[in-house]
Amino acid sequence: MHRLPTLLSGIFLVFLISWIGLVAYSATQMGRLTPVADADSGGSLPPHYNGQAIAGQRVYASEGCIACHTQQVRQSSVTSADMSRGWGLRPSVPRDYLRDSTAFLGNSRVGPDLANIGSRQTNAAWHYNHLYTPSSVAVGSEMPSYHYLFEMRKIQGEQSNDALHLIGTAAPPAGYEVVPKADARNLVAYLLSLRHDYPLPEADTVKKPSATPSQ
Amino acid sequence: MNLSSHIPCDDDHDTSESRAVDSSLRLPVLLLFGNAVHWLIIATLISLVLAVKMIAPDFPSLLSGLSCFSYGRLAPIARDLFLYGWASQAALAGGIWLAARLAGRPLVGVIKTSVVIVAIVFWNLAVLLGSLAILAGYSTGVEWLEYPNWASATLFASFLLIAFWAILHFDYRRNERAEVAQWYLVAGLCSFPWVYGTANLLLTWKPLQASAQGPIQAWFTGSFLLLWLLPVALASIYALLPRIRGVHLHHRNLATLAFWGILFLGGWIGLGRLIGGPIPAWMSAAATVSAVFLLIPIFIVCTNLLGSSETEREEAKGNLSLGFLLNGLYALIGVGALGALASLPLVSSALHFTSVSEAIYQLSVFGAISMPLFGLLYTCVPELLGRAAWCKTLAAWHFWVTIVGFWLLVLFLFLGGLVTGLALIDPVVTFRNVGSFAYPFSVLECVAQTLLLIASLILGGNLLQALAGNYLFPKR
């Protein structure tokens with residue numbers, strides 16, 4: 001260890017062990033997972049995202065949602081708390097992330113897990129209201145409001161179909177309406193398609209959904 | 001409180017050699033340290049804003065409608081500024097200075113020096129523009145790698161140009177038997193390109209199928225701290241602490257074991273963030289095993305450096321560098337103990353995803369890594385300037401405010417995480433209630449973050465007056 005080549009080869013070999021174990025193994029094993037056929041719909045699982053949801057992933061990334069939200073239901077061998085909280089019917093497995101461009105697994109749960117938000121909150125209007133004024137649909141929420149994903153504009157003729165139904169302090173002045181911008185539409189399309197509720201060979205959904213999923 | 005009486009060079013080196021090293025590296029190292037400290041100030045300022053946002057989500061209310069003030073955009077900027085602006089740059093500064101000083105070899109040649117300086121400028125441009133890109137919504141969305149591809153590629157190239165010479169110094173050193181610090185420097189400086197290059201290549205430049213990304217992200221975060229930043233921090237402790245104290249390393253033969261142990265385990269430690277996650281079961285087990293085994297090298301490092309029975313030199317008492325180095329070691333013990341505890345599946349099921357993870361992160365990145373770098377900074381700058389440049393009052397204030405702020409922050413994060421974690425495993429407690437339990441601790445975290453901001457401002461002021469030659473703050 002007193003000559004550079006010796007030291008460097010030692011360092012290289014030691015680095016190589018964890019690199020093979022985590023990087024090369026993941027790339028060659030988990031990186032080559034394929035979708036499985038879905039007997040019910042004739043399609044494949046996990047299902048494809050639609051174009052809007054794919055654009056929504058970019059919004060999820062650039063707004064840094066991962067700072068407070070995870071997207072993983074943990075294995076029942078470690079904890080069943082995630083599932084009993086109503087965050088999923090089964091643990092998440094690598095194949096669930098097959099269609100994602102980035103795996104937003106996350107490391108912090110200031111907000112709830114979002115792996116199955118699309119099956120917990122299926123209503124787009126709920127999501128729009130939640131993004132615009134979180135406390136209007138989730139009392140006491142610590143989430144900041146995302147006003148900049150929306151546009152407040154003067155009502156021309158009749159109110160738009162996609163205008164948010166806002167009440168109280170969140171409501172716009174009379175004669176004005178709040179409508180989602182493209183980023184908000186894409187983000188909500190993505191959130192609605194976040195659901196690991198289909199069966200996979202390695203993760204069957206045996207457990208029935210709990211009665212009222214907690215927010 | 002003598003900061004400059006200990007010159008980290010071997011006894012058989014004469015001081016003219018050290019002077020040659022210092023004068024050849026003065027500009028690059030001061031440029032790196034100066035930029036590092038100003039990024040530290042900005043990072044702690046944003047961290048304070050983020051801490052306030054945890055208790056008042058729409059703070060500051062006038063700007064809450066602006067995209068660039070949203071929590072999700074500021075949070076990665078604060079972390080990346082801390083990791084790439086401050087910690088990596090301070091580690092580079094300390095790394096190239098220590099490597100040259102321990103080897104007794106200056107950076108020769110105008111071309112080499114200019115290349116290093118240009119690379120430093122590009123590094124800082126990449127950090128600045130990369131952060132602005134995140135602010136404008138161009139984040140990659142991969143944790144710790146949010147900078148757009150052009151910025152991360154610039155960081156990668158700049159690093160190679162700055163660190164290459166320092167690695168070569170190992171083979172051209174004047175001391176026959178390599179010092180422990182010199183191994184750590186080579187390991188740290190070699191691992192950044194390896195770790196940062198692999199992770200960017202597979203996650204942002206040419207992303208793999210997302211089903212494989214989780215373990216690679218985990219490998220990157222663990223390796224970045226334990227294979228790049230921690231080795232340089234340990235090199236500063238190994239190089240400076242015995243010299244300041246005037247004692248010898250204890251059980252130097254065991255230091256080899258600790259060195260290889262940390263390098264071997266460092267790559268696996270990051271898996272702790274995926275225990276129970278969508279990864280093969282053996283990886284969850286490897287996370288626990290590696291976190292527990294990491295206690296062995298940490299124990300050896302502490303025995304090496306703290307287990308001395310010799311009497312200290314009188315002037316070591318009250319030395320600020322020594323204070324920072326020791327606190328770095330205490331934080332390292334905290335990282336080992338808390339990390340091992342939190343990696344046990346039963347504990348992880350409750351505490352993972354809470355601010356306990358953040359407490360461990362702060363213990364490593366602000367404690368075990370930044371504290372030794374502060375110690376190195378306080379020793380290095382007077383050497384480079386050739387005079388006792390620090391204002392002792394400001395330095396003492398910086399030390400104490402940092403120590404108090406840091407340990408309070410870790411304590412509050414830990415307690416807040418403990419409370420929320422225990423509530424989270426009980427499905428009867430609604431998620432909204434869990435959040436309200438954390439509220440008092442979030443308020444206290446703001447206090448600790450304020451102290452850390454004050455501390456970094458003091459350091460910035462002191463560095464400024466040191467560089468400006470005492471014009472700004474005349475000595476009384």
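This is a predicted model: local features need pLDDT of at least 70, side-chain atom pairs count only at pLDDT 80 or more; totals for chains, interfaces and linings use all residues.
Residues are numbered from 1 along each chain as its sequence is written, chains are lettered from A in the order in which they are written, and side-chain values use heavy atoms, without hydrogens and water.

At the interface, 83 residues of chain B are in contact with 74 residues of chain A, contact being heavy atoms within 4.5 Å. The two chains bury about 6600 Å² between them, 65% of it on carbon and sulfur atoms; this buried area is the accessible area (1.4 Å probe) lost on putting the two parts together, summed over both. Two salt bridges are found across the interface, each a side-chain nitrogen of Lys or Arg within 4 Å of a carboxyl oxygen of Asp or Glu. A salt bridge joins the side chains of A:Glu63 and B:Arg73, at 2.5 Å from N to O. By class, the side of chain B that touches chain A has 46 nonpolar residues (Ala, Val, Leu, Ile, Met, Phe, Trp, Tyr, Cys and Pro), 10 charged residues (Asp, Glu, Lys and Arg) and 27 polar residues (the others, Gly among them).

Within chain A, A:Pro91 is buried, with a relative accessible area of 14% (buried means under 20%, exposed over 50%, partly exposed in between; 1.4 Å probe, protein chains only). Beyond its neighbours within four places in sequence, A:Pro91 is in contact with residues including A:Val73, A:Met83 and A:Ala203. A:His196 is 105 residues from A:Pro91 in sequence, but the C-alpha atoms are 8.5 Å apart in space.
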